[in-house]
Amino acid sequence: MMNIDWAVVFATLTGPILAVQAQKWIERASDKKKRRERIFETIMTNRATRLSDGYVQALNQIDLEFHSKADKPVIDGWRKLFGELNNTPVEVDDRAIVFAWNARVNDKLVDLLLAMSKSLGRSHSEEEIRRGIYYPKGRVDLEQSQLAVLSGLQKLLDGTTSLKVENSGVTGPSDLHLAVLHKLHDAYDETGALRVTFVNATEKSRMN
């Protein structure tokens, strides 16, 4: 009777299956790492342009890709930044309050990026993350102007401010303004009653 080495049989049958599963596991791990790296790189690239869609989308993808126990520093860093972003100052006209809030946001963003860098096996320093940014002054001025316009429009829609209209280069009321005032004055008699003119007798009879 032939002796069967069941270990060899098992290895022969399961070897290809295990190899395929191992390959799939490696591919999934590789894809996950690429997604995590893309999120980190997007936030790093756009950390000076925080109104950009890419920056906002990358922040919102953190929870989707960094959710294991080993990612706790990243998750904690994102939670702290998220909380500060949702604590925007009410008195936006107070420069000191806005400056302090921006400083807190910057600190928490740096902490988050440091945690993400370490999680991905990178070696970015705090100084590199905080200072290594190029953003032309013209872009800063443009972004600030856009925010000022949006803020003013919001106040106008909320009714907390009014739209100021002036005659540029003209002192006193304009000719059009005076003409309208004269028309309004002539429409009333000395007693304050509205003057009514009937074109024909038919219209007058309809008023009786």
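## A charged pair

Does Asp 71 count as buried or exposed? This is a predicted model, and in it Asp 71 counts as buried because its relative accessibility is 2%, which falls under the 20% cut-off. Its partner in a salt bridge is Arg 36, with the closest N and O atoms 3.0 Å apart. Since Asp 71 lies in the loop between helix 3 (62–65) and helix 4, while Arg 36 lies in helix 1, the pair ties together parts that are 35 residues apart in sequence. Arg 36 also counts as buried, at 9% relative accessibility.

## Other salt bridges

The search of the whole structure finds ten salt bridges. One of them joins the side chains of Glu 41 and Arg 122, at 2.7 Å from N to O, and it links distant parts of the chain, with Glu 41 in helix 1 and Arg 122 in the loop between helix 5 and helix 6 (126–131), 81 residues apart. Glu 41 is partly exposed at 38% relative accessibility, and Arg 122 is partly exposed at 28%.

Within helix 6, Glu 126 and Arg 130 are four residues apart, so about one helical turn separates them, and their side chains meet in a salt bridge of 3.1 Å from N to O.

## The nonpolar core

The largest nonpolar core has 22 residues, and those with the most contacts inside it include Ile 43, Ile 62 and Met 116. Helix 5 gives the largest share of this core, eight residues. Leaving aside neighbours within four places in sequence, Ile 62 is in contact with residues that include Ile 39, Val 74, Trp 78 and Leu 112.

Terms used: Residues are numbered from 1 along each chain as its sequence is written. This is a predicted model: local features need pLDDT of at least 70, side-chain atom pairs count only at pLDDT 80 or more; totals for chains, interfaces and linings use all residues. Side-chain values use heavy atoms; hydrogens and water are left out. A nonpolar core is a set of buried Ala, Val, Leu, Ile, Met, Phe, Trp, Tyr and Cys residues joined through side-chain atoms within 4.5 Å. Buried means under 20% relative accessible area, exposed over 50%, partly exposed in between (1.4 Å probe, protein chains only). Helices (H or I, at least four residues) and strands (E, at least two) are DSSP runs, numbered from the N terminus. Contact means heavy atoms within 4.5 Å. A salt bridge is a side-chain nitrogen of Lys or Arg within 4 Å of a carboxyl oxygen of Asp or Glu.
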